[in-house]
Amino acid sequence: MPSVKVENVTMKFGGFTALDKVNINVEDREYVSIIGPSGCGKTTLLRIIAGIIGDYEGHVYVDGKLFDAKPLEERGIGYVFQNIALFPNMSVGGNVSYSPRAKGLSNSIVRTTTLEMLELMKLSERYHDYPRSLSGGMQQKTALARALASSARLLLLDEPLSLLDLKVRTELRYELRRIVKDLGLTAIHVTHDQEEAMAVSDRIIVMRRARVVEDGTPVDLYLHPKKIFTAYFLGESNVFEGNVAEADEDTALIDLGGLAITARNTGFQAGEKVIVMVRPELIELGGHISGRVLKKTLEGLFSRLILDVKGIRMIVKQPYSNVAQLGEGSSVNIRLPEEHVLVYKHPGRDLYSEISLY
Ligand code: ATP
């Protein structure tokens with residue numbers, strides 16, 4: 001069964017370190033996403049697990065077996081590349097049936113598997129077409145069908161849905177998770193799309209600058225990130241610098257410079273410099289903190305408000321109907337529930353260097 005362990009992997013391209021002592025563990029049948037800013041090393045990590053890059057330091061184990069010297073074709077991995085890489089001289093059907101045919105499965109099994117995967121990707125009518133005549137999205141779906149038809153137990157997916165339009169992408173990500181779960185596969189999925197990562201994954205690994213920052217379930221990473229970078233990178237967040245004005249065992253009063261807010265105390269002392277994070281959708285209306293609407297935009301059924309709260313810029317998201325009457329310039333009262341105010345030790349450097357993407 002394909003569990004994956006990446007142990008202390010470092011990869012250098014010339015003098016540039018693309019991966020720096022990276023450790024990850026993926027359980028058998030787990031669906032894990034890797035997210036992080038462009039260039040942080042996600043694709044390099046997948047290529048190392050796949051066996052495409054071999055000259056790294058450290059070790060890769062699959063199912064407890066050392067894979068470092070194992071040739072690519074013997075790894076039993078289904079890989080959907082970022083740049084697709086279909087066989088240009090084969091039809092859609094030829095691409096999808098390639099692996100089951102190469103394994104010597106019977107014609108009827110090859111055909112059934114191929115048709116099933118093409119049906120799933122809504123590509124049946126394209127069976128005889130060649131990749132060059134397909135849109136980018138169709139090519140991506142063909143690559144997915146090919147990986148799923150390969151009967152590999154470990155899938156490595158590098159931005160597998162990035163070329164699809166939003167609606168298809170949203171539908172297909174649920175299908176993808178369902179198939180992985182139904183077939184009992186292990187999947188490692190690299191994506192820029194955080195919503196996609198939240199929707200498909202059992203667990204998300206966050207990377208930055210060649211290193212793993214932290215990992216956790218989507219809900220844990222969203223609601224209780226351990227690192228400020230995760231709070232900032234995953235979804236939208238309000239991040240402020242502040243000072244602990246008062247602290248007892250249970251609560252801390254934090255001065256954000258003109259505005260004091262209460263948080264649960266997780267070990268801070270009065271006088272400490274801290275970073276505070278609050279998710280925009282967890283800020284409630286109708287409290288004692290007054291602000292003014294600077295900007296209001298619509299995001300689906302949610303409204304996104306930028307408020308000026310005593311000179312502090314704060315983002316608030318509320319269902320459209322809750323704030324329908326508010327316009328730019330309106331006064332509004334809000335509440336920051338203390339259980340949703342997360343407090344971090346100040347890194348001691350400037351906040352920007354802690355959260356900047358590159
Ligand atoms: P993206 O999200 O943009 O695909 P990524 O996180 O997948 O980015 P990688 O493709 O792993 O990032 O690249 C990590 C770093 O290593 C980048 O700075 C990239 O330029 C560099 N890099 C990757 N492959 C090579 C190579 N073959 N030679 C030199 N540098 C490379």
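## Reading the contacts

A polar contact is a pair of N or O atoms within 3.5 Å; within protein, one must be able to donate a hydrogen and the other to accept it, and residues adjacent in sequence count only if both atoms are side-chain atoms. This is a predicted model, where local features need pLDDT of at least 70 and side-chain atom pairs count only at pLDDT 80 or more, while totals for chains, interfaces and linings use all residues. Residues are numbered from 1 along each chain as its sequence is written, and side-chain values use heavy atoms, with hydrogens and water left out.

## Around the ligand

Let's begin with Gly-39: one of its backbone N or O atoms sits 2.8 Å from a ligand oxygen atom. Ser-38 places a polar side-chain atom 2.5 Å from an oxygen atom of the ligand, and a polar backbone atom of Cys-40 lies 3.1 Å from a ligand oxygen. On its own the ligand has 630 Å² of accessible area (Shrake-Rupley method, 1.4 Å probe), and the protein covers 61% of that.

Which helix gives the most to the shell around the ligand? That is α1, with three residues; helices here are DSSP runs of H or I with at least four residues, and strands are E runs of at least two, numbered from the N terminus. Both β2 (16–26) and α1 (42–50) supply at least two shell residues.

## Helix α2

Just after α2, Gly-104 adopts a positive phi of about 80°.
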